[in-house]
Amino acid sequence: MNGKASQIVRTTILVIFGLLWLIPVYLLLINASKDPTVYDSRQSWVPDGFALFSNIAEALSLSGMADSVLSTVLYSVVAPALAVVVGAAAGFGIVALGLKHGFAWFVVIFGGTIFPLQMILLPLFDGYSRVGLYDNRIGMILIYTAIATPFSAFVMRNFFTGVSHSVFEAARLDGASVWSIFTRVYLPMSVSALVAIFILQATFIWNDLLLGLVLAQSDAVRPIVTTLAGMQSTYGGAQLSTVLAAGVLVSLPTVILFLCTQRFFAKGLALGQY
C-alpha cells in the first residue's frame with residue numbers, strides 16, 4: 001500500500017471514529033433543544049425545534065445550579081492548584097533533593113490511589129460529621145486536594161526525573177537556596193506539566209458525583225453534577241429535555257478549558273524535556 005492510499009485509509013478511519021464519538025453529542029444537543037411540553041423519547045433521534053436556551057433558563061430556575069456552579073468553580077480551581085504545588089514539592093524533594101528513602105515516600109503518597117474511593121466513603125462521612133466538615137466548602141476542598149495530590153506527585157516525580165541534576169547543582173553553586181531553586185528554576189520549567197495536571201484534576205472535580213452526594217447536602221455546597229443528578233427527583237421531576245439542557249451547560253466549561261489550554265496540555269504529556 002503506497003503512502004497516498006495509507007493516508008486515505010487513516011483519514012477514513014479517523015472520520016468514522018470521529019462520527020461515532022459525536023453521536024452522543026448529537027443526541028444530547030437535539031434532545032436538549034426540544035420543547036419539554038411535546039418531548040417524546042421515541043423520537044430521540046429526530047430534531048424538533050430549538051428551545052435550548054429556554055430549557056437552560058428553566059433548569060436554572062428549577063434548581064440551585066447557580067450556587068452549585070460557584071462552588072464547583074471554587075473546588076475546580078483551588079483544589080487542583082493546591083494539589084499541583086504539593087505534588088511538585090514532593091517530586092522535587094524526592095528527585096532533586098535526593099530525599100532519603102525517597103521511593104518509599106513516593107509509594108506512600110501514591111499508594112492511596114490503589115484503594116477504591118468507595119472503601120473510604122463511610123469512614124470519611126463519619127469523620128467529616130464529627131469535626132464539622134460535612135456540607136462545608138472547606139471540607140470539599142480538602143478531600144479534592146487529597147485525592148488530586150497523589151497523581152500530581154506521580155507526574156511531577158517522573159517529570160523531574162528527566163531534568164538533569166546538574167541544573168540543581170549549578171543553581172546551588174550560584175548561591176541559590178533550595179526554595180529559590182524550586183520556585184525560580186524547577187517550577188517555571190515544568191509549567192506545561194503543571195497545567196496538564198491541573199486540567200485533568202479540574203475536569204475530574206467538575207464532573208464529580210460520588211463525593212458530592214456523600215459529603216454535601218445543600219445546593220450551595222454540592223458540586224454541579226450532584227445538583228444536576230437530583231433535578232428529576234428533587235425539583236418536582238424536571239422534564240428530560242430540561243435536564244439535558246442543564247447537562248449541556250455543565251459540559252461547556254470543561255470543553256472550553258481543553259480548547260484554551262490544549263497547547264500546554266500536549267506539551268505537558270512529554271515528560272522529562274530537559
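Let's start at Asn207, which sits in the loop between α9 and α10 (210–215); helices here are DSSP runs of H or I with at least four residues, strands are runs of E with at least two, and both are numbered from the N terminus. The model is predicted, so local features need pLDDT of at least 70 and side-chain atom pairs count only at pLDDT 80 or more, while totals for chains, interfaces and linings use all residues. Residues are numbered from 1 along each chain as its sequence is written, and side-chain values use heavy atoms, with hydrogens and water left out.

Asn207 counts as partly exposed because its relative accessibility is 41%; buried means under 20% relative accessible area, exposed means over 50%, and partly exposed is in between, with a 1.4 Å probe and protein chains only. Asn207 and Gly175 are 32 residues apart along the chain, and their C-alpha atoms are separated by 45 Å.

Now zoom out. The protein has 13 helices and zero strands. Its C-alpha trace spans about 75 × 70 × 30 Å along the principal axes. Of its 274 residues, 37% count as buried. The accessible surface comes to about 15000 Å², and 70% of that belongs to carbon and sulfur atoms; these areas come from the Shrake-Rupley method with a 1.4 Å probe, and for residues only the protein chains shown count as cover. Among contacts (heavy atoms within 4.5 Å) between residues at least 6 apart in sequence, 72% join residues at least 24 apart.

Next, step inside. The largest nonpolar core has 18 residues, of which Phe92, Met156, Phe160 and Tyr186 touch the most other members. Such a core is a set of buried Ala, Val, Leu, Ile, Met, Phe, Trp, Tyr and Cys residues joined through side-chain atoms within 4.5 Å. The elements giving two or more residues to this core are α3 (65–95), α6 (137–161), α7 (165–173), α8 (178–189) and α9 (191–206). Leaving aside residues up to four places away in sequence, Phe160 touches Ala88, Gly91, Phe92, Val95, Tyr186 and Ser190. A second, separate core of 15 residues includes Leu124, Ile143, Ile205 and Leu215.

Helix α6 also holds Ser152. Ser152 counts as buried because its relative accessibility is 0%. With residues up to four places away in sequence again left out, Ser152 touches Ala83, Val84, Gly87, Ala88 and Ile197.

Trp179 and Phe182 form a tilted pair, 6.1 Å centre to centre with 50 degrees between the planes. Both lie in helix α8, three residues apart, about one turn of the helix. Trp179 is exposed, with a relative accessible area of 61%, whereas Phe182 counts as buried at 6% relative accessibility. The two belong to one aromatic cluster that also includes Phe92, Phe159, Phe160, Phe168 and Tyr186.

Finally, return to the surface. Val9, Ile13, Ile16, Phe17, Leu20, Ile23, Tyr26, Trp45 and Val46 form a nonpolar patch there, with about 830 Å² of accessible area together. Patch residues have over 30% relative accessible area and no salt bridge, with like charges joined within 9 Å and nonpolar side chains (Val, Leu, Ile, Met, Phe, Trp, Tyr) within 5 Å; a salt bridge is a side-chain nitrogen of Lys or Arg within 4 Å of a carboxyl oxygen of Asp or Glu. One of the patch members, Leu20, lies in helix α1 (residues 3–32).

Note on methods. Rings of Phe, Tyr and Trp (its six-membered ring) pair if their centres lie within 6.5 Å; planes under 30 degrees apart count as stacked, over 60 as edge-to-face and the rest as tilted.
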